[in-house]
Amino acid sequence: MISTEIRPTLSSLLAGLRDVPLDEMPAVDGAILDGAVACLLPEFSVAPVPVAAFQSAI
Amino acid sequence: MDKPAVPLDQFVLKVHSRCDLACDHCYVYESADQSWRDRPLGMPDEVISHTAQRIAEHAAEHRLSAVQVVLHGGEPLLAGPGRLRSIITELHSALRGVCHLDLRIHTNGVRLDRTCCELFAEFGVKVGISLDGDRVANDRHRRYANGRSSYDQVVAAVTLLRTRQYRHLYAGLLCTVDIANDPMVVYEALRALEPPRVDFLLPHATWDDPPARTPGRESQYADWLIAIFDRWLADERPIGIRTFDSILSTLAGGDSATEALGLAPSSLVVIETDGSYEQVDSLKATFDGAPATGFDVFRHALDVVARHPGILARQQGLAGLCQTCQECPVVSSCGGGLYAHRYRSGSGFGHPSVYCADLLDLINHIKRRLPEVNTERRPVANRDLSDDEFGDLAAGYGSAAAIAKLMEAQHILCRAALAAIYQAGTSTPAVPAPVRAALHSAWSALTMTDRGRPDAVDAVLAHPYLRVWAVRCLEQLKGMGSGDPADPATDTRLAGDLNHLGAIAAAAAVCAGYQVEADITVPVLADAVHLPTLGRLVVSGGSPRPECQEAVVSIDGKAVSIRIADDCWEMTSADLRSGEPCAVTTFGDGGSASWQPVRVLKANGLRVALEDTDPYRDCHQWPAAARLAEAEVAQWQRYFQDAWREIERHFPAYAPAIAAGLTVLMPMSAPPPGRDISAAARHAFGAIGTALPADATTLALLIMHEFQHVKLGAILDLYGLYDPADHWLYHAPWRADMRPLEGLLQGTYAHLAVSEYWRTRQQITVGQEAQVAGERFAFWHGHTQDAIETLAGSGSMTPLGMRFVQRMRLSAQPTGAGPAPGNGTAG
């Protein structure tokens, strides 16, 4: 069964980065940045920070 | 039965056990646990070294790719910059070559000054600050022991972090909720400080010591947070709010970003100033001694701590919750709330949170508003390819509008890559400190230009070989992050590559006509200083030059000076933008230099750079040519003009995409006699490499062929057309070797255009020429059709990929006949 829809792999990630000035890029959610960069280099992680972070820090 | 222990990857280091504020809501000093009274003030050397070694051995044992260490207290800045440097250095030293270290500090901010920020900038330490809102809200609790307000000092600290120099260190603000404060005032006060992220913390409470509430109002904390949530949503979520983002994420089936929500196992341990391991800090709110484990860094490995019953208890997910929570419809978002908030003396932690009613109301409210959250996202559909555009590209063609969308996606990817390089480059300890400092300067210059003249930055970032450079940097940084030890050769290569960000920043500033306040460090590669898209300054003579060199570029808006050691050359920005050779004024020891601009080929409104200067251009399958002589450029110009006329006239379905997307022709070295050479590169969107063929007609073929690869590469960046897990090799009829699926797809797509070329040539020529064209059409067309069927039958095309193949199949009709020799192009 061939899909009749175009389902972009990356577009939703790129939407989160569109129109973001360069100096605000590093503050973008790491998962979004990682997702975009993974397109260039799979498994690259900008900041592979563990999840479930300590509440008394940020 | 408990689940096995989860490796620990978050470490809270109590680097100082006292605080310079006396906040009356502090869980460290004002809660049930009073163990701080017996701790040393600071963390002694032996505790630091043992801690670092314990973390490193644990990370190595469990092959962790990253650990997060939070410098905490008390007030960690009381340790002083010297002590903090020792701690940070020790951690980096122990973890170098083991895993990535994500280092943070959480402070009350009152002692944060430039000295601290410089230290944190040197090591990429992110800074979180506690601030409860506006002055009134903050002063309600966060005061000095003498009652004096801390507000001004904290805001001054945040202001310092917001400066361009330190902005990248600013992690966010932590705000403890007090329902006596006006939620809107608190939200506005925090938002005004432009934090990347805010977290609202519910004040620590237990069933023994419940939170302050108005009698009869069981979910006042939810009301307070909901007021902010609604405003935040109306404002289109201008800042990250960890509480809300985590609930949105968990409602969508994702992870929580805080231990206070969600079912993810805790992987955190606290190390006190005396080297004791403790469970999570918030347990201090429950009973005296609650966080204790009985273990310490001197005698116990972290694997022992990970198996402590108290640590294991917070790794059980749903199974670790009480019956009430397990049956609750929002449990996957709430996760039972913060562990400490479930405590009741006599029966422990087997209860819902004391904030249960608040969490339920808040999560249900956010759940109800979820459709609005989704619709308020910026629409992307109009930026995606339409069905028609996708189909047209799949048929082998493509409109200018479709190419513009592919180019925009490439552009965003490049910006993301730049940010990633900057972030990883400045936070990876293995990157030499001078290189990190140069990265900061380059980034500052580039972002300043981006703020004022984003078009100038965009023009430089659109250069095809920028992505090639970016990937090369990312590959090296990734290697360092995974723990590969650095060596001098690696350092030299990485320094040269990372310093190229300075060249990009300089080129953007020149294009914008901007002045750059600080000097920019750029690499000297093969005796040339490169300004991407503009050209290169080739230097010779003068001071002896070591193999790895740096130049310093100063830009005052009108003039650009480039210094290498004692030599200095100056040019005007206008001359550099002109694309023409220009005068170079020499100062210093008299080394000579000449400016080699990037020359431009022109044809009927089309302008394409003839790129023979860029240091990252040699990424195709055949070596790049050296700088062309003027006579050679003239020949390229003639051929290009004629080739473009041929494409426009005879291949009108292919012309719009090429006109919209071809930005660079990269001359390649001469091939063996009788052979044509051309190639595209996966990471160089918009560029075609080719040796100058025997005639313009052949150049037209090479451009059409290679631009198919350029288009398909960009499509594959956006859409999954095949299963990347397919590692089979497939027969490509035009090659002797077997090809992976993407290679076969690329070749087939390119030969659609090659077939079209020969079919048309057969129609527009006569005699022997038409006969040869007919034979070649039959040859390529037959092979293309065979390859299309191989793709269709591979079983590894996605539904969208099958649709793509079906459009190629339709485009490849009607058929021709008769085998013929190949045309010699790569494919």
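At 0% relative accessibility, M808(B) counts as buried. Keep in mind that this is a predicted model.

M808(B) sits in helix α27, which spans residues 799-811 of chain B. Leaving aside residues up to four places away in sequence, M808(B) touches A394(B), L745(B), T748(B), Y749(B), L752(B), I788(B) and L791(B).

Now to a pair of helices. Two packed helices are described by the angle between their axes and the distance between the axes. For α8(B) and α13(B), that angle is about 65° and the axes are 10 Å apart. That makes α8(B) roughly perpendicular to α13(B), and the crossing is right-handed. By class, the contact takes in seven nonpolar residues, one polar and one charged.

| Helix | Residues | Residues in the contact |
|---|---|---|
| α8(B) | 242-251 | T243(B), F244(B), I247(B), L248(B), L251(B) |
| α13(B) | 356-368 | L362(B), I363(B), I366(B), K367(B) |

Finally, have a look at strand β4, residues 126-130 of chain B. This strand is mostly covered, with five of its five residues buried. In a regular strand the side chains alternate between the two faces of the sheet. Here K126(B), G128(B) and S130(B) point one way from β4(B), while V127(B) and I129(B) point the other way. Alongside, strand β3 (residues 100-107 of chain B) pairs with β4(B) in the parallel sense over four bridges, and I105(B) stands opposite V127(B).

Terms used: Residues are numbered from 1 along each chain as its sequence is written. Chains are lettered from A and ligands numbered from 1 in the order in which they are written. This is a predicted model: local features need pLDDT of at least 70, side-chain atom pairs count only at pLDDT 80 or more; totals for chains, interfaces and linings use all residues. Side-chain values use heavy atoms; hydrogens and water are left out. Axes are lines fitted to C-alpha atoms, for helices over the stretch in contact, and angles run from 0 to 180 degrees between N-to-C directions. Helices (H or I, at least four residues) and strands (E, at least two) are DSSP runs, numbered from the N terminus. Angles under 35 degrees count as roughly parallel, over 145 as roughly antiparallel, 65 to 115 as roughly perpendicular and the rest as oblique. A crossing is left-handed if the near helix is turned anticlockwise from the far one by less than a right angle, and right-handed if clockwise. Contact means heavy atoms within 4.5 Å. Ala, Val, Leu, Ile, Met, Phe, Trp, Tyr, Cys and Pro count as nonpolar, Asp, Glu, Lys and Arg as charged, and the others, Gly among them, as polar. Buried means under 20% relative accessible area, exposed over 50%, partly exposed in between (1.4 Å probe, protein chains only). Two strands pair if DSSP finds at least two bridges between them.
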